[in-house]
Amino acid sequence: MNETIKISRNAQITWRHGQTATACCRNCGHAGEMALVLEEDFKPPRKHFLINLLRCPACTACFTDIVPDLDYGDNALVELGLPAYLAQVGAGLWPIAAQLARIDKPAGARLLEIGGGYGFGLDIGVHGLGWQGVGYDPSPFGAFGRRELGLDLRADYFTEAQLGAPWDVIAATELIEHLPDPPAYLRLMRKTIAPDGVMLLTTPDAATITPGQSTGKLVSALAVGAHLVLQTGESLTRALHAAGFAHVRIMRDETGLIAYASPAPLALREGAGRAVYRAYLAKRAGETALGTDTQLGFAGRGLFDATIDGDYDAADAAWAAFHAGVVARFGRMPEALPEAALQAKLPELSALMPLGLGQALFARAMSRLARGQARPGLQAMFSLSAQAARALCQAMEQISQRDPFAENIAALSQREALLCAAEAGDAAALPALLAQGEVAAAWRGFVGLVNAGRREEAQALRAAGLGALPPEGLELGLRQDGAFTAGMLALQSQDFPRAVSAFAALRLLLPEAEHPLRWPGLRGEIIGLFGLERGAEAVALLRQIVALHDGAPEDLLQHLG
């Protein structure tokens, strides 16, 4: 059965199980019967395309049966506010830096970047690795990169007319899938590369285009209307060898395929990327004008990555740079979002707040948490982080785009805000944490409520689905405290069966050595058994425990008399 899925506001796909069509593969030239993978129903403004995606049986690449008429020089994407988004938060700089840093070329090497959009790959090569670089990109994004980053980024396609001195490094990230004739492009690259030069390509992995794949990953891989030929590791290796690259190495990561190709044996290095990337971000955050999209982007990314790496001194420095940029642009660091931000389009939103505010505040709060600040004092920061990330997500949705990273930040920040509220004694946060699967946090809150004498709130949390006892998998101390407080709450309510069950479970959780909860827990169990008129069982249990452990309290020993 063919299943139809809406993957964005202007596109839906229909899987074509078991169907075929006759076609000629644009990747390897094989002609004949091909498997139909899916149909793309694409309705951009004022246009409508029905596009079939086919899989070649010879090289395994997927390709579209038509080439939609899309203008990469169109200013529509600029008008939607994407340049500011890419500069501040949208462009994934770390993967580019990691991939370029593997190429073992000295300072001064000649770098050619093709189709790099804003030009961050070129910028990393020049300012992070010390290479000399030129870029070619006809899109309006290139104009922003040329102006904001000060790059030699030319508003043109790279063709035979641009052939000149050979290049030591060629970078084409997320480009080849947009080309209707990948073999022609690869042959051109072979003509312009140095005898020992290295070409870097990244592209989506066609092997991930399956009915079981998540919608988010399908959206990214298909980019309906824009991606024309999608490679597998096998098809890309075949195409590179056919173009004259004798040495090819293909890697895979979460985003797709990473390919290195050279006429000579490949010299790649591992492990240098992270240090190069972090130093590059700090350097560029200090060089670019305060409050510009690029400065906010460099500082915000530097803050987040320093926090991830546990380098909190570097995180403090990056926060200072980000804070200074925000003040220069907006007058002050926001303490709350204007109401208009929650429904704003992307250009309007970038005038109201830094687009990376959510991730920056999340990183700042996590850094302070790691340094020992109490959670309650960070609740406002986490809450604002979640709100800012959600504002960015809704702005992207208005242009049929998703930002999975911002979605993740919104969810994580909301969770952290609830944890902060719970530690501050806000019982209303506990059912929400429980609903999110934060069982440990809910049980900690339950213990706190019982210890504070807030019985009704504790009972309400139990009714919300907490469970009778802390489940296996939680930390042992929490299971012990949870069982004890569950028993105490039951005793206070004269629910003797539940009390006996909880205290008996606690007894099994205690170690052989003395534990502070041993005698209080046993006392609760004995009281519960007497409450159930099971006095003989209570005395027998007491004799057994007293025989095993010294130091029984006098009130318990009296039962034996």
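Leu188 touches Phe158, Thr159, Glu160 and Leu163, leaving aside residues up to four places away in sequence; contact here means heavy atoms within 4.5 Å. Leu188 sits in helix 6 (residues 182–192), where helices (H or I, at least four residues) and strands (E, at least two) are DSSP runs numbered from the N terminus. With a relative accessible area of 10%, Leu188 is buried; buried means under 20% relative accessible area, exposed over 50% and partly exposed in between, with a 1.4 Å probe and protein chains only. Leu296 is 108 residues from Leu188 in sequence and 37 Å from it in space, C-alpha to C-alpha.

A word on the model: it is predicted, local features need pLDDT of at least 70, side-chain atom pairs count only at pLDDT 80 or more, and totals for chains, interfaces and linings use all residues. Residues are numbered from 1 along each chain as its sequence is written, and side-chain values use heavy atoms, with hydrogens and water left out.

Seven strands form an open sheet with mixed pairing, in the order 9-8-7-10-11-14-13; two strands pair if DSSP finds at least two bridges between them. Strand 9 (153–154) and strand 13 (247–253) are at the edges with a single partner strand each, so one side of each has no neighbour in the sheet. Six bridges join strand 10 (residues 167–173) to strand 11 (residues 193–203) in the parallel sense, and Thr173 has Thr202 in strand 11 as its bridge partner.

The cysteines come next. The structure holds zero disulfides, a disulfide being a pair of cysteine sulfur atoms within 2.5 Å.

| Cysteine | Closest cysteine sulfur | Distance |
|---|---|---|
| Cys59 | Cys28 | 3.7 Å |
| Cys62 | Cys59 | 8.9 Å |

Cys59 counts as buried at 0% relative accessibility, and Cys62 is buried with a relative accessible area of 0%.

A cavity is a set of points, on a 1 Å grid over the protein atoms alone, where a 1.4 Å probe fits but cannot get out, and lining residues have an atom within 4 Å of a point. The largest cavity holds about 70 Å³ of space, a volume being the space filled by probe spheres set on the points, which are joined across faces, edges and corners. Its lining includes Phe503, Arg518 and Ile545. Helix 21 (518–531) and helix 20 (496–509) are the elements that give two or more residues to this lining, and helix 21 provides the largest share, four residues.

How values were computed:
On a 1 Å grid over the protein atoms alone, a cavity is a set of points where a 1.4 Å probe fits but cannot get out, and a pocket is an open set with protein on both sides within 12 Å along at least five of seven lines; lining residues have an atom within 4 Å of a point.
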